[in-house]
Amino acid sequence: MATLTVRDPKGSESGSVEVSDSVFGIEPNRHAVRQTLIAYQANQRQGTHATKTRAFVSGGGRKPWKQKGTGRARQGSIRAPQWRGGAVIFGPTPRDYNQKVNRKVRRLALYSALSDLRTNNQITVLSDYGLSKPSTKQFIDLLGKLGVESARRILVLVSAQDENLAKSARNLGTVIVSDIQNINIYNLLTCDHLVVTPDTLKALEKQIASEAEAA
């Protein structure tokens, strides 16, 4: 099994933790990652866009002028698309953009993203956040001691609700605190660094394993 170094809140090494090779040590599957990412982004779309066709634009019930004899082009309604204030032709209508991805493909994508982060040394295992109370300043100092304060996007995974951590990081635009239940391929791919605790790592492996058994 692969191992990851565990650091304490001061940034010093305090031990190591073993991680599953099936989760953190596989060859990334680019096709699974791409398919899962596209589906995730598509599923975030609301699909509530809409324009009015002739059936929904008010007015225009009367023919503007008679069919023949005026010298002008025949018109049936002042709400026809070629009129100002008229309807829209072939405009967008509400639709569902959701895409379905097989559970095995989605799980393989998560494995690939986690393995790539470990290969590139972008995972920091922290023994304890050391936050006795909400403090953004203290959390920034912690990131500095870990050497990840310059990362453009930091993903912090938690297995249980931590109010002190959530409140300390919520004002930082570069930090995302997420529960392992809500882990997704987009956050894993767009983060420059992943920060977790040993307990969270084990809980994450257990959750993914249980999903595999359910499949």
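Trainee: Which strand does Ser178 lie in?
Mentor: Ser178 lies in strand β5, residues 175–179. Keep in mind that this is a predicted model.

Trainee: Is Ser178 buried or exposed?
Mentor: Buried. Its relative accessibility is 9%, and the cut-off for buried is under 20%, so Ser178 counts as buried.

Trainee: What does Ser178 touch?
Mentor: Leaving out residues up to four places away in sequence, Ser178 touches Leu155, Val156, Leu157, Val158 and Ile183.

Trainee: And how do β4 and β5 run?
Mentor: They run parallel. Five bridges join β4, residues 154–158, to β5. Within that pair, Val156 stands opposite Val177 in β5.

Trainee: Let's zoom out. What is the strand order in the sheet?
Mentor: The order is β2-β1-β3-β6-β4-β5. Six strands form an open sheet, and the pairing is mixed.

Trainee: Which strands are at the edges?
Mentor: β2 and β5 are the edge strands. Each of them pairs on one side only.

Trainee: How much are neighbouring strands turned against each other?
Mentor: By 30° on average, ignoring direction.

Trainee: Which strands of the sheet does α3 touch?
Mentor: α3 packs on the sheet and touches β1, β2, β3 and β6. Its direction makes about 85° with that of β3.

Trainee: What about α4? Which strands does that helix touch?
Mentor: Helix α4, residues 136–146, also packs on the sheet. α4 touches β1, β3, β4 and β5. The angle between its direction and that of β3 is about 120°.

Trainee: Back to β1. Which side chains of β1 are buried?
Mentor: Ala2, Leu4 and Val6.

Trainee: In which sense do β1 and β2 pair?
Mentor: Antiparallel, over six bridges. The two strands form a hairpin with five residues between them. Gly11 sits in the turn and has a positive phi of about 95°.

Trainee: And in which sense do β1 and β3 pair?
Mentor: Parallel, over two bridges.

Trainee: What stands opposite Val6 in β2?
Mentor: Gly15 does. Over in β3, the bridge partner of Val6 is Val125.

Trainee: New topic: α2. How many residues does helix α2 have?
Mentor: It has 14, residues 30–43. From first C-alpha to last, α2 reaches 20 Å, close to the 20 Å expected at 1.5 Å a residue.

Trainee: What caps the N-terminal end of α2?
Mentor: Asn29 does. One of its side-chain oxygens lies 3.1 Å from the backbone nitrogen of His31.

Trainee: Which residues of α2 are buried?
Mentor: Ala32, Val33, Thr36, Ala39 and Ala42. They pack against α3 (103–119) and α6 (185–190).

Trainee: Last bit, the loops. Where is Phe90?
Mentor: Phe90 is in the loop between α2 and α3. Its phi is near 55°, a positive value in a residue other than glycine.

Trainee: Is Phe90 buried or exposed?
Mentor: Exposed, with a relative accessible area of 83%.

Trainee: And where is Asn121?
Mentor: Asn121 is in the loop between α3 and β3. Asn121 has a positive phi of about 55° although it is not a glycine.

Trainee: Why does Asn121 count as exposed?
Mentor: Because its relative accessibility is 64%, and exposed means over 50%.

Technical notes: Residues are numbered from 1 along each chain as its sequence is written. This is a predicted model: local features need pLDDT of at least 70, side-chain atom pairs count only at pLDDT 80 or more; totals for chains, interfaces and linings use all residues. Side-chain values use heavy atoms; hydrogens and water are left out. Helices (H or I, at least four residues) and strands (E, at least two) are DSSP runs, numbered from the N terminus. The expected span of a helix is 1.5 Å times one less than its number of residues. Buried means under 20% relative accessible area, exposed over 50%, partly exposed in between (1.4 Å probe, protein chains only). Contact means heavy atoms within 4.5 Å. A polar contact is a pair of N or O atoms within 3.5 Å; within protein, one must be able to donate a hydrogen and the other to accept it, and residues adjacent in sequence count only if both atoms are side-chain atoms. Two strands pair if DSSP finds at least two bridges between them. Axes are lines fitted to C-alpha atoms, for helices over the stretch in contact, and angles run from 0 to 180 degrees between N-to-C directions.
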